[in-house]
Amino acid sequence: MVKLLIEPRLRGFICTTAHPVGCRKIVEEQVSRARRCSFRGPKSVLVIGASTGYGLASRIGAAFGAGAATCGVFFERPAEGERTASAGWYNTAAFGSLAGEEGLLVRNVNGDAFSAEIKKRTIDILRSDFPPVDLVIYSLASPRRTDPAGVTHRSVLKPIGKPFFGKTVQTDSGAVKEVAMEPATEEEIAGTVAVMGGADWLLWMEALREADVLAKGAKSVAYGYVGPELTWPIYRYGTIGRAKEDLEATVEKIDRILAPLCGKANISINKAVVTQASAAIPVVPLYVSLLFKFMKEEGSHEDCQDQMIRLFRERLYPTEPLPDCAVDDVGRIRLDEREMKPVLQEKIRQVWSAIETDNLSTLTDFAGYQFDFLRLFGFGVEGVNYDEAVESDVPLRGMP
Ligand code: NAD
């Protein structure tokens, strides 16, 4: 038992500490929102990438909105000595205890989801005491992947074809800076596609189908992002965009795997939110700070949890006919229609070039960005006494 006084330790766009009590409170908030929006939804869900961001929000939505049994796969660090556990560990511990209190079935697998070993361990759990899975959420964001042949690929965030000159904000200092990035090499593009493209999603779905753990009508969803033109050189037309194209192209292959079950694969294009993964993308934190300002002003702001509740209620398991904006002309689910509203994007375009370090706090909601960023790690949460030493070694339930 180690009690620690835990403060945020920021290094660029990462925080190396996390607060167990703060993380728990945030999970509790997400849980109570999902409970309030109860809906007809999946009953047995596998979430790959379940401990933070969109994956955690999907898991909470499915469990507390629809009463689903959930099996979560993630790669998180337990506490060790003076070192806190990672935020995803504490989030999962909190989720497990809240779901347990409610009598919901919870299974967790901590390890490298890209590996054959973790796929096998997950399938063993699903076979032994889990109902047939009716929804598989694929929500990994990772800087590297070792493929089944043992080759390790790295993902980079770079433009393709020509250098990128733009601006970004340093999220710890609030300094607005020009960035210049050289285009990715062919090897870097291929590496990013190997990590963040569809290859591993396909391997998961093949393995799950072969193991016969999927229910009739099973669905699978992976998450993508489109965003506005000002992010395209680094996002949509960059290495990550190339990987997302590959992910989207994988839908057809997974549809073939699910066809005998009358199942369906989908990409859901989600809104930009603050997560550990999005904080690492140049330009995005500055864009998000501006986006949040305008969306909050017009009352259309959403976080991961709002988006995932909408995904279940209004897109995957609707009780009413889908609105026109729900699916685009290439068949992707759209949850970003509020972000992409032309009037709002025009406002962003008009202000973008004027943003500098001195006017950052007035022109954008950078304070809101920083607030959300710290909360990813359990800091800045109302009602938590950060001057009190807390138990850092928190157990996970539902581990095999
Ligand atoms: P995140 O960093 O919050 O979550 C990543 C998850 O992946 C965590 O649960 C982590 O434990 C898990 N993970 C990473 N490497 C792993 C590994 N090797 N084995 C097992 N688990 C591993 O990221 P996020 O922003 O929620 O992103 C999830 C997906 O949503 C991504 O595909 C991302 O592109 C997409 N998306 C994000 C945004 C955004 O604004 N954040 C917008 C649209 C779409």
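Select His 19 to begin, and display its surroundings. Setting aside neighbours within four places in sequence, His 19 is in contact with Ile 6, Tyr 90, Phe 377, Gly 378, Phe 379, Val 384, Tyr 386 and Val 390, where contact means heavy atoms within 4.5 Å. His 19 is found in the loop that joins strand S3 (14-15) to helix H1 (20-36). Helices (H or I, at least four residues) and strands (E, at least two) are DSSP runs, numbered from the N terminus. His 19 counts as buried because its relative accessibility is 0%. The term buried stands for under 20% relative accessible area, exposed for over 50%, and partly exposed for what is in between (1.4 Å probe, protein chains only).

The model on the screen is predicted: local features need pLDDT of at least 70, side-chain atom pairs count only at pLDDT 80 or more, and totals for chains, interfaces and linings use all residues. Residues are numbered from 1 along each chain as its sequence is written, and side-chain values use heavy atoms, with hydrogens and water left out.

**The ligand**

Next, select the ligand and the residues around it. The shell holds 29 residues, and the closest are Ser 51, Tyr 54, Ala 113, Lys 244 and Thr 275; a residue is near a molecule if one of its heavy atoms lies within 4 Å of it. By type, the shell divides into 13 nonpolar, twelve polar and four charged residues. Here Ala, Val, Leu, Ile, Met, Phe, Trp, Tyr, Cys and Pro count as nonpolar, Asp, Glu, Lys and Arg as charged, and the others, Gly among them, as polar.

For Ser 51, a side-chain N or O atom is 2.7 Å from an oxygen atom of the ligand. For Phe 75, a backbone N or O atom lies 3.2 Å from a ligand oxygen atom, and for Gly 53 a backbone N or O atom lies 3.5 Å from one. A polar contact is a pair of N or O atoms within 3.5 Å; within protein, one must be able to donate a hydrogen and the other to accept it, and residues adjacent in sequence count only if both atoms are side-chain atoms. On its own the ligand has 850 Å² of accessible area, of which the protein covers 92%. Accessible areas come from the Shrake-Rupley method with a 1.4 Å probe; for residues, only the protein chains shown count as cover.

Now colour the elements that give two or more residues to this shell: helix H2 (53-66), strand S12 (214-224) and helix H8 (276-279). The largest share, three residues, comes from H8.

Leu 214 is buried, since its relative accessibility is 7%. Beyond four places in sequence, the contacts of Leu 214 are Pro 132, Val 133, Val 136, Met 205, Leu 208, Arg 209, Leu 258 and Leu 261.

Move to Asp 212, in the loop between H6 and S12. Asp 212 has a phi near 60 degrees, a positive value in a residue other than glycine, and is exposed, with a relative accessible area of 58%. Then select Val 283, in the loop between H8 and helix H9 (284-298). Val 283 also has a positive phi, about 80 degrees, although it is not a glycine; at 1% relative accessibility, Val 283 counts as buried.

**Aromatic residues**

Rings of Phe, Tyr and Trp (its six-membered ring) pair if their centres lie within 6.5 Å; planes under 30 degrees apart count as stacked, over 60 as edge-to-face and the rest as tilted. Tyr 138 belongs to strand S7 (residues 133-138) and Trp 201 to helix H6 (residues 199-210), so the pair ties together parts that are 63 residues apart in sequence. Both Tyr 138 and Trp 201 are buried.

Tyr 138 is also among the contacts of Phe 114, as are Leu 140, Arg 144 and Val 195. Phe 114 sits in the loop between strand S6 (106-110) and helix H4 (116-129), and is buried, with a relative accessible area of 5%. As a last stop, select Phe 39, Phe 312 and Tyr 317, which form one aromatic cluster.
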